[in-house]
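These are my notebook entries on what I looked up in the structure.

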Amino acid sequence: ATPTALLVGTGRGARMGILIKGPEVLESTKKVDTVVLDKTGTVTTGRMELVDVRTAEGESADEALTLAGALESGSEHPIARAVAERAEQRTGSLPAIEDFTNVEGLGVRGTVDGKAVLVGRAELLEKWDVSIPEPLAEAKLAAERAGSTAVVVAWEGRARAVLVIADTVKPTAAEAVRDMRELGLKPVLLTGDNEAVARTIASRVGIDEVVAEVVPQEKVDVVARLQSAGGVVAMVGDGINDAAALARADLGLAMGTGTDVAIEASDITLVRGDPRAAVDAIRLSRKTLGTIK
Ligand code: ADP
Ligand code: MG
């Protein structure tokens, strides 16, 4: 394509809410055959809500919510915000956190009310040798099978509750996936979330290939693996945890609704945060470069 055609293409993109970093980006877009989609905030709205608190025998849901809410007020994660918000509504104010560690991709840890508290994935609890009693593990699995995210709350060495957090699939996600297939693109769902949740969300939007339970540092490895298998990979993401993968991908597309770090690491920003715009961007580049009419 001529430089003029590329400029016309980027201008057209801008009017569609597709901000392309430079005309050369369109060139790298045309050969894309695989689209990796982050789950939370990309395929789903990322607006999470706490919908249930399940406790182990003899434990108090209020206490679990207060301790978890206090700890999560130290984190920016969408799950954390949902938990802290509901806990605050319920109790008015939350106790102070005495120390706080964000274990990226796993959860949070800290001291609240003199108690060592953990909130997050089962793997987080394992790190501190805390096991999950069977009934609680079952409640967690049931929530995950229904497509919700479930995190465990533990304090003083015992897992005591499961917080059930629901996120909703973006209304246009299924259509975006269908359009990708029509253009011959293979969609892959990539998430740090649990396998059962990921499978449920994937089947709701029509994705067959799922890579779940990936810690943030591994997202980039998944993209690299697809590339070394011969794929030309586009990655669509919104979070800090997606930045390395967005930079590594042949084409990185960030949700405009996402974090600045993701936007900086990307070639294209989708202003409205609509996954259909990812397809529009690929279609636009093919048109601009004369691959399709
Ligand atoms: P995604 O790849 O879907 O954007 P993340 O990598 O951010 O998800 O998180 C992966 C998982 O780690 C979450 O589904 C959750 O189980 C756990 N997790 C991460 N941060 C927190 C937190 N602040 N509180 C509780 N759980 C968390
Ligand atoms: Mg995300």
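The model is a predicted one.

I then listed the shell itself: 23 residues surround ligand 1. Thr40, His77, Gly107, Gly192 and Asp193 are the closest of them.

Next I asked which domains the shell draws on. At least three residues come from domain 1 (3–45 + 169–288), and at least three from domain 2 (49–166).

By secondary structure, I noted two helices, H3 (39–43) and H5 (78–91), as suppliers of at least two shell residues each. Strands E5 (107–112), E6 (115–120) and E7 (149–155) each supply at least two as well.

I checked the length of helix H4 (residues 61–72). With 12 residues at 1.5 Å a residue, H4 should span 16 Å, and its end C-alpha atoms are 16 Å apart, so the two agree.

Is H4 mostly covered or mostly uncovered? I found H4 mostly covered, with nine of its 12 residues buried. The buried set runs from Ala64 through Leu65, Thr66, Leu67, Ala68, Gly69, Ala70 and Leu71 to Glu72.

I turned to the largest nonpolar core, which has 50 residues. Val36, Leu189, Ala234, Met235, Leu253 and Ala278 touch the most other members. For Val36, I set aside neighbours within four places in sequence and recorded contacts with Val188, Leu190, Val222, Val223, Leu226, Val233 and Met235. Apart from this core I located another, of 41 residues, including Ala56, Ile79, Val152 and Leu163.

How values were computed. Residues numbered from 1 in each chain as written. Chains lettered and ligands numbered in written order. Predicted model: local features only at pLDDT ≥ 70, side-chain atom pairs only at ≥ 80, totals over all residues. Near = placed C-beta within 6 Å. Helix = DSSP H or I, 4+ residues; strand = E, 2+ residues; numbered from the N terminus. Domains from an automatic or database assignment. Expected span 1.5 Å × (residues − 1). Buried ≥ 20, exposed ≤ 12 C-beta atoms within 10 Å, placed from the backbone. Core = buried A, V, L, I, M, F, W, Y, C linked by C-beta atoms within 7 Å. Contact = placed C-beta atoms within 7 Å.
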